[in-house]
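User: Please take a close look at the ligand site in this structure. Which parts of the protein surround the ligand, and what touches it?

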Amino acid sequence: MRSKGIPEEDLFSFFETKKLQDKNHLYILSSMCTLPHPVAVKAHALFMETNLGDPGLFPGTASLERMLISRIGTLFHNPDACGYATTGGTESNIQALRIARATAGIPSPNVVIPESAHFSFKKACDMIGVEMRTVPLTRDYRVDCDRYMDSIDSNTCCMVGIAGSTEYGMVDPIRDLAAIAHREGIFFHVDAAFGGMVLPFLKDAPEFDFSLPGVMSIAVDPHKMGMSTIPAGCLLLRNENDLCSLSVDTPYLTVKQEFTLSGTRPGGSVAGALAVLEYLGYEGMEAIVQGCMKNTRRLTHGMESYGIRPVVIPDVNVATFETPETPVPSRWQVSYTRNNHLRIVCMPHVHAGVIEAFLDDIGEQYVEKTY
Ligand code: 0PR
């Protein structure tokens, strides 16, 4: 490092040049994160120095974490759900699989996941040394329940379903999977990292939560559609005993055991996540989520008017299209799925004006192509 420090002004002008190199959110159409809500930023700043890894030092912040879990548990039809704030979907999924493995006590366990599962499950299976079995999807990009049944055997310690898939925004037949899991006595984890903050605010949304008896754990990320600061994920469990299966002794801390994966854990983003839910309430969240769905539909119709067909009608605000003949103008940051379908995530920062500007750009190319 430098032997002598530099003046604050120079330091921050250097940082500003770096920040300018980052993409402007107005053009980011590929991300499942968004600009944090202003109340999340304010709350994060207030709790910046807190560490939930030693909660006895920060009992006020720790109570905010319990409130966050309780609010989301209630939203997911189980006010008694337990859990904790993770760093995001990856940690939640790793922890769910650890719990499933620990509680099953099977010598050579396997985990059954849909082909559409996020790559964090690959990391999780690799880390904990369990076999990962993937199940193909049906034509509507949801997991095939019959094929799912074929993959389960007496060594299956965990079944996984996705509520809002990363690439196509689809919800698996969670009700059917939960029934199978319940009948077979297999731990069932639902990855609602994205959909968990969307589906509760939609009318006629497919069921995915603790209202289904087989669902044992749910991952949901406030740092995605919950508009909190990063990092903010949550892992919720139906049974406290399951969470406690991960407990290790922490003799010199203010609490004598912990079940989390990280040791030091940010309180700032937990306060940020709770701030958004408290400030907006159900109705405020509903308005934002419904706005995102409306924008998804508008984008789909606009693209269709140029002959660019949607791949599926998504359950959440992730739109996918057959690859356009002309490339998307480079100022727009879009993404492509493993099947090379154009993918656009209609997050809150991708508001109606952004969608129109994007469609105008695509439209210009369309006109150039047809004349
Ligand atoms: N489960 C699902 C269904 C997800 O979509 C994701 C991430 C995860 C788990 C893992 O969550 P964390 O990344 O919080 O650990 N989905 C996004 C993705 O991989 C994450 C993302 C967000 C990537 C913003 C890029 C980006 O710019 O696409």
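Analyst: Helices here are DSSP runs of H or I with at least four residues, and they are numbered from the N terminus. The model is predicted, and what follows is computed from it.

On that numbering, helix α4, which spans residues 89-104, gives the most to the shell around the ligand, with three residues. The ligand takes up the space of the second largest pocket.

There are 18 residues around the ligand, and those that come nearest are Thr90, His118, Thr166, Asp191 and His223. Sorted by class, the shell holds ten polar residues, four charged ones and four nonpolar ones.

Some side chains can be followed atom by atom. Thr166, one of the nearest residues, has a polar side-chain atom 2.7 Å from an oxygen atom of the ligand. His223 is also among the nearest, and a polar atom of its side chain is 2.9 Å from a ligand oxygen. For Asp221, the distance between a side-chain N or O atom and an oxygen atom of the ligand is 3.3 Å. On its own the ligand has 600 Å² of accessible area, of which the protein covers 75%.

Most peptide bonds are trans, and most residues other than glycine have a negative phi. The bond from Ile230 to Pro231 is cis, with omega near 0°; Pro231 lies in the loop between β6 (215-220) and β7 (233-237). His77 has a positive phi, near 65°, and is located in the loop that runs between α3 (59-75) and β1 (82-86).

Methods:
Residues are numbered from 1 along each chain as its sequence is written. This is a predicted model: local features need pLDDT of at least 70, side-chain atom pairs count only at pLDDT 80 or more; totals for chains, interfaces and linings use all residues. Side-chain values use heavy atoms; hydrogens and water are left out. A residue is near a molecule or strand if one of its heavy atoms lies within 4 Å of it. A polar contact is a pair of N or O atoms within 3.5 Å; within protein, one must be able to donate a hydrogen and the other to accept it, and residues adjacent in sequence count only if both atoms are side-chain atoms. Accessible areas come from the Shrake-Rupley method with a 1.4 Å probe; for residues, only the protein chains shown count as cover. On a 1 Å grid over the protein atoms alone, a cavity is a set of points where a 1.4 Å probe fits but cannot get out, and a pocket is an open set with protein on both sides within 12 Å along at least five of seven lines; lining residues have an atom within 4 Å of a point. A molecule sits in a cavity or pocket if more than half of its atoms lie within 2 Å of its grid points. Helices (H or I, at least four residues) and strands (E, at least two) are DSSP runs, numbered from the N terminus. Ala, Val, Leu, Ile, Met, Phe, Trp, Tyr, Cys and Pro count as nonpolar, Asp, Glu, Lys and Arg as charged, and the others, Gly among them, as polar.
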